[in-house]
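User: Could you walk me through the inside of this protein, one question at a time?

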Amino acid sequence: MCFKSKSLSGPTSHNYFSQRLRLNYVDWGNADAPPMVLIHGGLDHCRSWDWVAERFKKDYHIIAPDLRGHGDSDWMIGGAYNQLDYLYDIAQLLHQKDLGPVSIIGHSMGGAISLMYAAIYPQAVEKLVVIEGLGLSPNSEARRAKKPSSNRIRKWITDLRNSSGRSARRYSSLSEAMLRMRDKNPHLSEEQARHLTIYGSNQNEDGSFTWKFDNYVRFFEFTGRPANETWKLWGDIVCPTLLVYGTESWASDPISDGRTSHFNCPLEVEVFENAGHWVHHDQLEGFVKRADSFLISEVTKDQSGKFDN
């Protein structure tokens, strides 16, 4: 039986290579339009962006990659998935396809990667929309920093070791996997959950379903950048940037927790009610409308030299 999502027309799938891995991305066509890259978060996949892409594909040439270890991209050898490796993969994709300057929308870990890319290649990014991609709040980072590094490293090793002997969870049917998807995000409609499950899972030989992502991508305790170093990098971003978060998420308000002070670029913050971590799913129409107005807006400076949107 072939499962298909009926409500959306799909993009074409392509491969590219990065650090000897065959990585997947989808292309929504319209190659003569300004380029836009959509970068998903952890344990997710590129087709998670389909509803957003449908609304922007007439005005942009949209590329959405599967990060290594996710979706239809290769899993790496070893278990230490690193944000710098993800960054390299995005840099390679844009370099090989000669895309730029680009607009980028990134979610969660994909948002963190987007911020890093915009900081390292500031002239390569036209506009940046980041959905809950700032990571842990300063208070959470401070509490974590107080823990002995030796304890944290031992836990990381133990987690990887335990994961190596654990089989991926199997779901007896697509419907069972969909229930798990909706359990993680109650805002999802049945159609959304079905679509995300179809493209986020593989059917095994015995008929069961497992998620496509590599379980090792869960463990990145020591594979990112120190928080202070990351915050300092944000100061190198020059493109207009929109930070988005939902009131029902674990993410904290970047204005009240002080993280917006690390940015020197034109910066906007948008809060969505009745939305959790996946704002672009939970409040799709509102998110698309806000992102569109931001992407087409002009940024100028007033007489004092401050940015004015």
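**Inside the model**

Analyst: Happy to! This is a predicted model, and the count of cavities of 30 Å³ or more comes to one.

User: What volume does the largest cavity have, and which strand gives the largest share of its lining?

Analyst: Let's start with the size: the volume of the largest cavity is about 90 Å³. Its lining is made up of 13 residues, with Glu-132, Gly-133, Leu-134, Tyr-245 and Ser-252 nearest the centre. By class, eight of the lining residues are nonpolar, three polar and two charged. The largest share, three residues, is supplied by residues 241–246, that is, strand β9.

User: Which residues of helix α6 are buried, and why do they lie on the same side?

Analyst: In α6 (residues 174–184), the buried residues are Leu-174, Ala-177, Met-178 and Met-181. They share a side of α6 because they cover an arc of only 105° around the axis. In general, residues three or four places apart point the same way, because an α-helix has 3.6 residues a turn. So the side asked about is given by that arc of only 105°.

User: Which residues are exposed on the other side of α6, and what covers the buried ones?

Analyst: Leu-179 and Asp-183 are the exposed residues there. The cover over the buried residues includes α7 (190–200), β7 (201–203) and β8 (209–211).

User: Is His-281 buried or exposed?

Analyst: His-281 is part of helix α9 (residues 279–282). Beyond its neighbours within four places in sequence, His-281 is in contact with Ser-48, Trp-51, Leu-188, Gln-192 and Leu-196. Its relative accessible area is 5%, and buried means under 20%, so His-281 is buried.

Terms used. Residues numbered from 1 in each chain as written. Predicted model: local features only at pLDDT ≥ 70, side-chain atom pairs only at ≥ 80, totals over all residues. Heavy atoms only, no water. 1 Å grid on protein atoms, 1.4 Å probe; cavity = no way out; pocket = protein on both sides within 12 Å on 5 of 7 lines; lining within 4 Å. Points joined across faces, edges and corners; volume = space filled by probe spheres on them. Helix = DSSP H or I, 4+ residues; strand = E, 2+ residues; numbered from the N terminus. Nonpolar A, V, L, I, M, F, W, Y, C, P; charged D, E, K, R; others polar. Buried < 20%, exposed > 50% of the residue type's maximum accessible area, 1.4 Å probe, protein only. Arc of directions from axis to C-beta. Contact = heavy atoms within 4.5 Å.
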